[in-house]
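Me: I have some questions about the wording used for this model. Please set each value against its definition.

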Amino acid sequence: MKLKIALLPGDGIGPEVIQQAVKVLNAIAEKYTHTFEYSKGLVGDVAIKEFNNPLPEETLKICADADAILFGAIGDPKYDNNPNAEVRPEQGLLQLRKKLGLFANIRPVHTYTSLLHKSNLKEHVIDGADLVIYRELTGGIYFGERKLSDDKLSAVDTCNYSVEEIDRIAILAFEAAKLRRKKLTLVDKSNVLETSKLWRTRVAEISKQFPSVKLNFLYADNAAMQLILKPTQFDIILTENMIGDILSDEASVISGSIGLLASASIGKHTALFEPIHGSYPTAKGKNIANPLAAILSAAMLLDHFELYDEAENIRLAVEKSIDLNITTPDLNTTNHFSTTNVGNFISDFILDDDNTFYNKSNIDLGQSTII
Ligand code: IPM
Ligand code: MN
């Protein structure tokens, strides 16, 4: 298969992790004889520096010409300390989502056996957790009208949802649930918010088309608690934009590190794949950032084009790296590996037909040629 992939590495650790994801994609291309062509665009702070625009026209064009987009991260501390900055890196990502119509953000969360004991949560609580968050991505309070009063003493953000916006992601989420454990939890604040009431009504209506899927509802505050108390109760979580943002960071603790969580943002015409972590500015250039979320996002990209064996091969290699503790400091505090080491291991593992070569003692002794 021939795929044109737009690369938007962005800020902070974005370029480092995207470099590893590309290395892994190239290994897949070689092994399965695919052609992946890349074109790079600027987004976020790097684009502001060059064009005073977090999403230049040129970048949008590169995205429009591509079959899919692989995105790194955006953000820089200089904006965090200046809430009044008119131009911000985040606007680049938000505009990109809106302009490309990427309405469904899919964030899978599951555990890795060899990381269970390292979690901040109790092993028996997280063991077996396997859920997917369907986060609405182009509506809600993120895109509603906002205003600071002239006297700067009050501000307003508006949360809007239309039935079309609710229905299209709800249908995707039900379809996914049908192929999984057939349970869908809608998370909202319908005890308070009008938009949430509309979500409940519509989702209940749509559920009639999916009789095999069991639908239940949770208020967001309770859902935040349940995620930590008993994550195994969830299969598909469907929710609006901001609740999904918050719950997915929380859910990353179940996996072991936010550096493991990949995501796909699906639209009608294109799709974007990105790690859910941010730009982690303090790690920039240090070769310590975890590339697995970016690499797993590349696997989701392959899934999107029905290259299931290829995607599975990446996931197998990622599991292997975790099992062998060939991981960055977020997962491995004692004897950690660099961002590049992890990327090299994964791409070499994919290309090596006889994986028996990779055994722990080789790695520990530094005898493996891959490190
Ligand atoms: C995410 C991020 C973004 C969001 C930020 C960078 C605007 O946190 O993708 O989860 O809030 O959606
Ligand atoms: Mn977020």
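Reply: Start with the ligand. A residue is near a molecule if one of its heavy atoms lies within 4 Å of it. In this predicted model, E90, R97, R107, R135, Y142 and D245 surround ligand 1.

Me: What makes the pair formed by R97 and ligand 1 a polar contact?

Reply: The cut-off is 3.5 Å between N or O atoms. A polar side-chain atom of R97 lies 2.6 Å from an oxygen atom of ligand 1. That distance is within the cut-off, so the pair is a polar contact.

Me: How do you know that R135 and Y142 make polar contacts with ligand 1?

Reply: Apply the 3.5 Å limit again. For R135, a polar side-chain atom is 2.8 Å from a ligand 1 oxygen. For Y142, the value is 2.6 Å, again to an oxygen atom of ligand 1. Both values fall within the limit, so both pairs count.

Me: Why are α9 and α10 called roughly parallel?

Reply: Helix α9 covers residues 220–229 and helix α10 covers residues 241–255. They pack at an angle of about 10 degrees, with axes 9 Å apart. Angles under 35 degrees count as roughly parallel. The two helices are therefore roughly parallel to each other. Their crossing is right-handed.

Me: Which residues make the contact between α9 and α10, and how do they divide by class?

Reply: From α9 come A220, A223, A224, L227 and I228. From α10 come I243, L247, E250, A251 and I254. The classes are 9 nonpolar, no polar and 1 charged. Glu counts as charged, so E250 is the charged residue.

Me: What makes up the contact of α1 with α11 by class?

Reply: In α1, the residues are V17, Q20, A21, V24, L25 and I28. They meet A294, I295, A298 and L302 in α11. The division is 9 nonpolar, 1 polar and no charged.

Conventions. Residues are numbered from 1 along each chain as its sequence is written. Chains are lettered from A and ligands numbered from 1 in the order in which they are written. This is a predicted model: local features need pLDDT of at least 70, side-chain atom pairs count only at pLDDT 80 or more; totals for chains, interfaces and linings use all residues. Side-chain values use heavy atoms; hydrogens and water are left out. Axes are lines fitted to C-alpha atoms, for helices over the stretch in contact, and angles run from 0 to 180 degrees between N-to-C directions. Helices (H or I, at least four residues) and strands (E, at least two) are DSSP runs, numbered from the N terminus. Angles under 35 degrees count as roughly parallel, over 145 as roughly antiparallel, 65 to 115 as roughly perpendicular and the rest as oblique. A crossing is left-handed if the near helix is turned anticlockwise from the far one by less than a right angle, and right-handed if clockwise. Contact means heavy atoms within 4.5 Å. A polar contact is a pair of N or O atoms within 3.5 Å; within protein, one must be able to donate a hydrogen and the other to accept it, and residues adjacent in sequence count only if both atoms are side-chain atoms.
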